[in-house]
Amino acid sequence: MPIVLNGSTGITTPTYNGTNTAEYLVPVTSFKNRIINGQMVIDQRNAGASVTPADGAYTLDRFIYNATQSSKVTIQQNAGSVTPPAGFTNYLGVTSSSAYSVGSGDFFTVGQRIEGFNTADLGWGTANAKTVTLSFQVYSSLTGTFGGAITNSGLTRNYPFTYSIPVANTWTSISVTIAGDTTGTWVGATNGTGMRLYIGLGVGSTYAGTAGAWTGTANILGATGAVNVVSTNGATFYITGVQLEVGSTATSFDYRSIGTELALCQRYFWLCAKGNGSSPVVISNGMFYSGTQPEAVIRFPVSMRAAPSIYVSNVSSSFDVGNGSTTVYPPSWSLFGANNDQGLIYVGGFGSTTAGIGGRIGIVGTIGSTCYLGFSAEL
């Protein structure tokens, strides 16, 4: 109902009549889904390319891969180019690279670490712990009982869970309800890790537990008896629509605008620049602090979780002083005096010139290769 100007008393507004119709409700922006990038739309690091991740590597934004053995899977946004489930355009795709026999001390998982500020209201570790529901869409070339776990930051409180994929190569809706943990140590409203979500791709007996109950056994990352994706060469496992919400029932997916989702991801990782071997990509204006070291102030697009570290891949550096450019490879990059909002980058290794000369700092990759400069404040 529009606001009306009546010419005598000025602005008048609707009178609330006790009925909760759309006319009287005020739009509210919530954070129902505690998972960031659950619809797999943001892939800053890899831009849709297939990667063979190492242990601890982030794949699509906010989704981390952990493993005891190297080179057992590839991960790619929209791997295999299958049609996503209704309502989604992207998914995280895992493909097994061999038929690896999972040992008792092995684990292979993909998941997310959730910041304490985004989980503190759950009250876990207290008598008021809230129930949550994990839901997602999954598609695999394998069938059977699959597993995962939710844990605290220290991996001393763990809830293994299972779910079923009854039909191969078909999107299946999954919902797992988990009663909040009333004991244990859980990180509160801080920027540390409040909770960990693990989706198992192969978990040995040392790291597997009985599904459906909280346990104080350390380092439980999956459920006993679950399917090991990595044990079948060429097996595929695709997932999207990952949502963790308060309550005992899965509700509709919490879609956020692309700008909002990107900003949420940039709190943890910001890809500042991406280039190639053809021409420099300018990052910032700067100056030579000394005769061999240019510097530039970098302001982050959002306030990051913590002062970040610099992330450099395959970068040569270029400093344009107005009458030509100087390039050094490999450069020495460092971040000085950083906080959540900005930092000062230094680039070492240039030949001697006059301190105080200004110019533009950019990045260049080796010929035929993509180069990256970013900043990471991941959990």
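I began with the surface: the protein chain exposes about 16,200 Å², and carbon and sulfur atoms supply 51% of it. These accessible areas come from the Shrake-Rupley method with a 1.4 Å probe; for residues, only the protein chains shown count as cover.

I noted the basis of the work: this is a predicted model, in which local features need pLDDT of at least 70 and side-chain atom pairs count only at pLDDT 80 or more, while totals for chains, interfaces and linings use all residues. Residues are numbered from 1 along each chain as its sequence is written, and side-chain values use heavy atoms, with hydrogens and water left out.

**Confidence**

I looked up pLDDT, the predictor's confidence in each residue, from 0 to 100. Its mean over the protein chain is 90, and 91% of the residues reach 70 or more. Over residues 1-28, pLDDT stays under 50, and there the model has 16 contacts beyond four places in sequence; contact means heavy atoms within 4.5 Å. Where pLDDT is low, the predicted coordinates should not be read in detail.

**Whole chain**

I recorded one helix and 25 strands in the protein chain. Both are DSSP runs numbered from the N terminus: helices are H or I with at least four residues, strands E with at least two. The C-alpha trace spans about 80 × 65 × 40 Å along its principal axes. Of the contacts with a separation of 6 or more, 76% are between residues 24 or more positions apart. Buried residues make up 48% of the 379; buried means under 20% relative accessible area, exposed over 50%, partly exposed in between (1.4 Å probe, protein chains only).

**Sheet S16-S25-S19**

I then turned to an open sheet of three strands in the order S16-S25-S19, with antiparallel pairing. Its edge strands, S16 (269-275) and S19 (309-313), each pair on one side only. From one strand to the next the twist averages 15 degrees, where axes are lines fitted to C-alpha atoms (for helices, over the stretch in contact) and angles run from 0 to 180 degrees between N-to-C directions.

Two strands pair if DSSP finds at least two bridges between them. I found six bridges between S16 and S25 (residues 371-376), with Cys 371 in S25 as the bridge partner of Gly 275. Five bridges join S19 to S25, and Ser 313 stands opposite Tyr 372 in S25.

Is S25 mostly covered or exposed? I found it mostly covered, with six of its six residues buried. Cys 371, Leu 373 and Phe 375 point one way from S25, and Tyr 372, Gly 374 and Ser 376 point the other way.

**Two single residues**

I looked up Thr 59, which lies in the loop between strand S3 (57-58) and strand S4 (64-67). Thr 59 counts as buried because its relative accessible area is 2%. Gln 266 counts as buried because its relative accessibility is 11%. Leaving aside neighbours within four places in sequence, Gln 266 is in contact with Gln 44, Pro 301, Val 302 and Met 304.
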